[in-house]
Amino acid sequence: MSGADTSWILTSTALVLLMTLPGLGLFYAGLVQAKNALSVLMHCIAIACLASVLWFVVGYSIAFSEGNAWIGGLDRFMLSGIDRETVSGTLPESLFAMFQMTFAVITPALMVGAFVERIKFGAVMLISALWLLIVYAPVTHWVWGGGWLAQQGVIDFAGGIVVHVTAGVSAAVIAVMLGARKGFPGKVLPPHAPWMVMIGACLLWVGWFGFNAGSAVAADQNAAMAMIVTHLSAATASLVWVVIEKIKFGKPSLVGLVTGTIAGLATITPASGTVGPIGGVILGLAGGLLCYFAVDLVKNKFKVDDSLDVLAVHGIGGATGTVLVAFLANVGDGSAGLGEGVTAGSQAFVQVTGVVSVAIWSAFATAVIVLVTKAVIGLRTTEDEETEGLDFSHHGETAYRL
Amino acid sequence: MKMIMAIVQPYKLDAVREALGEIGVDGMTVSEVKGYGRQKGHTEIYRGTEYAINYVPKIKIEIAVNSDIADKAVETIREAAGQGKIGDGKIFVFDLENAMRIRTGEAGNDAL
């Protein structure tokens with residue numbers, strides 16, 4: 001066991017939890033109407049609690065304990081077999097399980113952005129629980145737990161595939177099956193608190209250092225490089241949104257800038273252990289541009305009410321970074337290069353295989369989960385509840401008393 | 001006595017208050033209100049999507065004055081709040097039947 005590695009991953013674990021609580025919560029709550037702000041915060045924190053307990057019961061085991069190429073075993077059911085002395089690499093295994101738990105917390109919480117302002121609270125809980133066990137944990141096993149994608153040498157340092165592609169694609173499926181908010185697209189109301197969106201995004205930004213640099217699972221040179229490339233990608237993608245908005249609309253917006261930040265962070269995530277600083281800037285440019293146009297495509301062309309752009313920002317960003325890492329692995333000082341005998345082309349093939357297969361599994365499994373939830377609990381609130389706002393109709397609380 | 005209700009741009013409130021103070025109007029009630037007139041709201045753009053903001057924030061000022069300075073007060077408000085632009089606001093004048101200062105029970109002009 002290494003004290004240095006342990007202390008950095010303890011810190012990273014706290015940072016990654018900070019991304020969800022309250023980072024993602026505030027990011028999303030500011031983007032919805034005032035009458036739904038609490039419901040969104042509630043979704044994020046309730047999912048965090050639920051995912052944590054499920055991760056303890058069986059999620060960690062089927063993701064990370066030995067099994068076959070598709071799914072892990074039950075050796076770690078209820079975290080059995082993890083004593084104080086048990087190690088995973090240079091860390092206590094209790095810490096590794098906890099670090100990974102914070103990833104299992106944020107991934108289903110990301111999907112909240114697809115169904116805000118119109119979904120039943122019970123449906124959120126059931127979808128998230130089933131999704132964690134049927135989509136997230138198995139895909140984690142495929143990529144990080146020694147499963148079939150890991151065996152092919154797929155590069156996904158911190159979760160471009162595992163976190164962002166799974167959540168982005170599933171979010172879009174839920175949005176389509178749930179239907180749009182009343183009045184979408186012409187008559188929905190704008191974000192109620194852009195300043196809150198900024199605070200949430202900045203907590204995500206800082207927390208992302210734990211997410212990416214922590215994914216080195218060590219306090220070493222890879223963690224250090226991951227941190228700087230992460231930061232550069234975020235900064236670059238933010239500027240890309242500022243420039244696009246200035247040119248297109250004449251005014252660069254705060255909500256736009258911080259959306260660019262998140263796009264840059266999602267894009268660098270899979271590549272953060274491989275690229276150098278120049279690669280980080282290139283990924284920020286690519287992610288910023290592609291995600292901007294993806295938002296327009298999903299919402300305005302396809303008319304899908306993925307309300308807070310989970311697919312366009314997280315899914316497209318994560319997929320972009322996952323594919324481009326194959327071509328940026330040797331670009332500039334500080335890059336890590338590809339494995340011996342691996343070409344950019346052959347790596348790209350593996351990367352695309354990973355993105356496409358995980359996207360297909362996420363879409364299919366989520367569709368089934370949504371159908372089951374619809375049959376058991378139902379999905380949508382009544383129209384009156386939607387008009388009144390979920391804060392009072394579902395939780396009996398009001399965000400602002402004026 | 002007259003009741004004057006003025007709807008003005010929020011950033012013009014201080015100018016109106018100072019101008020009215022200079023002509024001896026030393027009390028007012030102010031509310032933050034929303035509405036639309038010829039300005040017909042505006043649009044805001046978030047993540048590339050345009051949202052129509054139908055109700056624009058304004059300030060509503062209410063003052064009660066002696067009838068002989070009512071015209072002057074109206075003109076003062078217009079000068080202070082006016083910019084010659086759509087959205088400057090409107091002024092409404094009503095007859096006021098009575099007024100009373102709660103502390104002393106004074107009524108009519110004495111209460112203003």
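**Close-up views of a predicted model**

**View 1. Helix 1 of chain A meets helix 2 of chain A.** Thr20(A), Leu21(A), Leu24(A), Gly25(A), Tyr28(A) and Ala29(A) of helix 1 of chain A touch Ala37(A), Val40(A), Leu41(A), Cys44(A), Ile45(A) and Ala48(A) of helix 2 of chain A. The residues of this contact between helix 1 and helix 2 of chain A are ten nonpolar and two polar, with no charged ones. The model shown here, and in every view below, is predicted.

**View 2. The axes of helix 1 and helix 2 of chain A.** Helix 1 of chain A covers residues 3–31, and helix 2 of chain A covers residues 37–64. Their axes come within 9 Å and cross at roughly 150 degrees. Angles over 145 degrees count as roughly antiparallel, so helix 1 of chain A is roughly antiparallel to helix 2 of chain A. The crossing of these two helices is right-handed.

**View 3. Helix 8 of chain A packs against helix 9 of chain A.** Helix 8 of chain A spans residues 194–213, and helix 9 of chain A spans residues 221–249. Their axes lie 9 Å apart, at an angle of about 140 degrees. Helix 8 of chain A is therefore oblique to helix 9 of chain A. Helix 8 and helix 9 of chain A form a right-handed crossing.

**View 4. The residues between helix 8 and helix 9 of chain A.** Helix 8 of chain A brings Trp205(A), Trp208(A), Phe209(A), Asn212(A) and Ala213(A) to the contact. Helix 9 of chain A brings Ala223(A), Ala226(A), Met227(A), Thr230(A) and Ala234(A). By class, the contact of helix 8 with helix 9 of chain A has eight nonpolar residues, two polar and no charged.

**View 5. Chain B against chain A.** Chain A gives 13 residues to the contact, and chain B gives seven. On the side of chain B that touches chain A, strand 3 (42–46) and strand 4 (49–53) of chain B are the elements that give two or more residues. Strand 3 of chain B has the largest share of that side, with three residues. The side of chain B that touches chain A holds three nonpolar, two polar and two charged residues.

**View 6. Chain A as the setting for the helix views.** Chain A has 15 helices and two strands. Its C-alpha atoms fill a box of roughly 60 × 50 × 35 Å along the principal axes. Buried residues make up 57% of chain A. Among contacts in chain A with a separation of 6 or more, 79% join residues 24 or more positions apart.

Conventions. Residues numbered from 1 in each chain as written. Chains lettered and ligands numbered in written order. Predicted model: local features only at pLDDT ≥ 70, side-chain atom pairs only at ≥ 80, totals over all residues. Axes fitted to C-alpha atoms, helices over the stretch in contact; angles between N-to-C directions. Helix = DSSP H or I, 4+ residues; strand = E, 2+ residues; numbered from the N terminus. Parallel < 35°, antiparallel > 145°, perpendicular 65-115°, else oblique. Left-handed = near helix turned anticlockwise from the far one by under 90°. Contact = placed C-beta atoms within 7 Å. Nonpolar A, V, L, I, M, F, W, Y, C, P; charged D, E, K, R; others polar. Buried ≥ 20, exposed ≤ 12 C-beta atoms within 10 Å, placed from the backbone.
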